[in-house]
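Here is a short briefing on one structure for a reader who has not seen it before.

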Amino acid sequence: MLKTHQFLMSYWHSLNPHAPLSTQHPISYADRLRMRLPGDAKFALGPHVDGGSVERWDENGYGLGKVYDSIWKGKWEDFDPWEASCRLPVVSDLHQGVGAASAFRMFQGWLSLSTTGAFEGTLLVNPLLAKATAYYLLRPFFSPKRGVDPGAQTASEAITNSEDFLASDNWVMDSTPSPWVHGATPGHGQELSHLLHPHLNLQKSMIHMPTVRPGDYVAWHCDTIHSVDKTHAGKADSSVLYIPACPMTEDNANYLVRQRENFLKGTPSPDFGGGIGESEHVGRIKAEDLHGLVGDEGCRAMGLMEWESDAAGLTPGQRVILDRANKILGFYD
């Protein structure tokens with residue numbers, strides 16, 4: 001899994017070669033286990049984006065790294081969703097919602113524990129990464145001049161079927177800014193819908209994952225719009241372990257300290273509520289058991305062993321961040 005994360009994160013790049021960042025030294029991020037039974041319609045997550053919501057428009061959120069500045073300047077074609085250094089200062093959980101990731105996850109992902117196909121409680125994604133991001137960021141600044149199709153029976157039908165409503169000449173930039181940020185609520189992820197974001201055509205542009213089997217791993221970029229089947233229409237459980245790919249950064253090293261503390265106590269990881277977790281379980285895995293199970297690299301990813309900041313072949317940025325992480329994790333002053 002660590003090698004898979006190294007491979008995935010190699011698609012990212014940094015304009016600053018000295019940025020304190022390493023995609024080749026992933027950290028662990030203890031997310032959750034999902035078990036969805038046939039017929040379930042409660043775990044029906046609609047199209048959404050992780051990593052906060054209003055923070056994307058906030059100068060104290062994603063604005064700290066100027067992540068979307070090319071979009072704000074009207075040069076959306078220049079937006080590079082794979083540039084990493086600009087995301088290092090970002091605060092993606094200004095409102096500290098339960099389940100809001102406070103670590104930088106380059107990819108969210110899950111490891112399948114069952115055989116699951118389309119409409120069987122699985123994942124859907126929108127493949128228009130950069131274009132869709134630019135659209136939902138700019139959406140709050142535009143309004144239609146003409147309303148919905150008068151012949152439609154519902155607003156949903158009107159927006160879906162009316163070419164006139166979706167036509168570019170029907171949309172103008174608002175002269176007076178509105179406080180309404182479409183689908184963004186403090187403390188929650190960014191939500192999207194065909195009513196609020198009609199041009200994304202989400203009813204057709206959300207694509208199912210291929211059939212997965214136990215051990216298959218699925219990953220998607222942290223800005224990707226994704227959802228799950230509204231109803232699990234399969235005949236067996238749809239179960240996954242959420243395992244995102246997280247690079248080594250200063251913020252992630254600080255998160256690792258908190259996660260390590262919770263692991264040692266047997267309680268849930270910092271981003272996911274509280275409770276006693278496994279703290280009272282007999283025979284639960286402890287720190288002294290890990291080396292025999294996951295080796296040096298796994299222990300380092302858990303924050304339980306010192307990183308080799310003097311290893312050969314490291315870039316200046318990698319050397320700096322590993323040395324800084326060792327200090328944060330308490331391996332030396």
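**Helix packing**

Helix α7 (residues 250–265) and helix α9 (residues 316–328) pack at an angle of about 25°, their axes lying 9 Å apart. Axes are lines fitted to C-alpha atoms, for helices over the stretch in contact, and angles run from 0 to 180 degrees between N-to-C directions. This is a predicted model, in which local features need pLDDT of at least 70 and side-chain atom pairs count only at pLDDT 80 or more, while totals for chains, interfaces and linings use all residues. Residues are numbered from 1 along each chain as its sequence is written, and side-chain values use heavy atoms, with hydrogens and water left out.

- Helices (H or I, at least four residues) and strands (E, at least two) are DSSP runs, numbered from the N terminus.
- The helices α7 and α9 are roughly parallel to each other (angles under 35 degrees).
- Glu250, Ala253, Asn254 and Val257 of α7 meet Ile321, Arg324, Ala325 and Ile328 of α9 (heavy atoms within 4.5 Å).

**Salt bridges**

- The whole structure holds eleven salt bridges (a side-chain nitrogen of Lys or Arg within 4 Å of a carboxyl oxygen of Asp or Glu).
- Glu250 and Arg324 form one, with the closest N and O atoms 3.0 Å apart.
- Glu250 lies in α7 and Arg324 in α9, so this pair ties together parts 74 residues apart in sequence.

**Gly121**

- Gly121 is found in the loop between β4 (107–112) and β5 (123–125).
- Gly121 is buried, at 0% relative accessible area (buried means under 20%, exposed over 50%, partly exposed in between; 1.4 Å probe, protein chains only).

Key:
Parallel < 35°, antiparallel > 145°, perpendicular 65-115°, else oblique.
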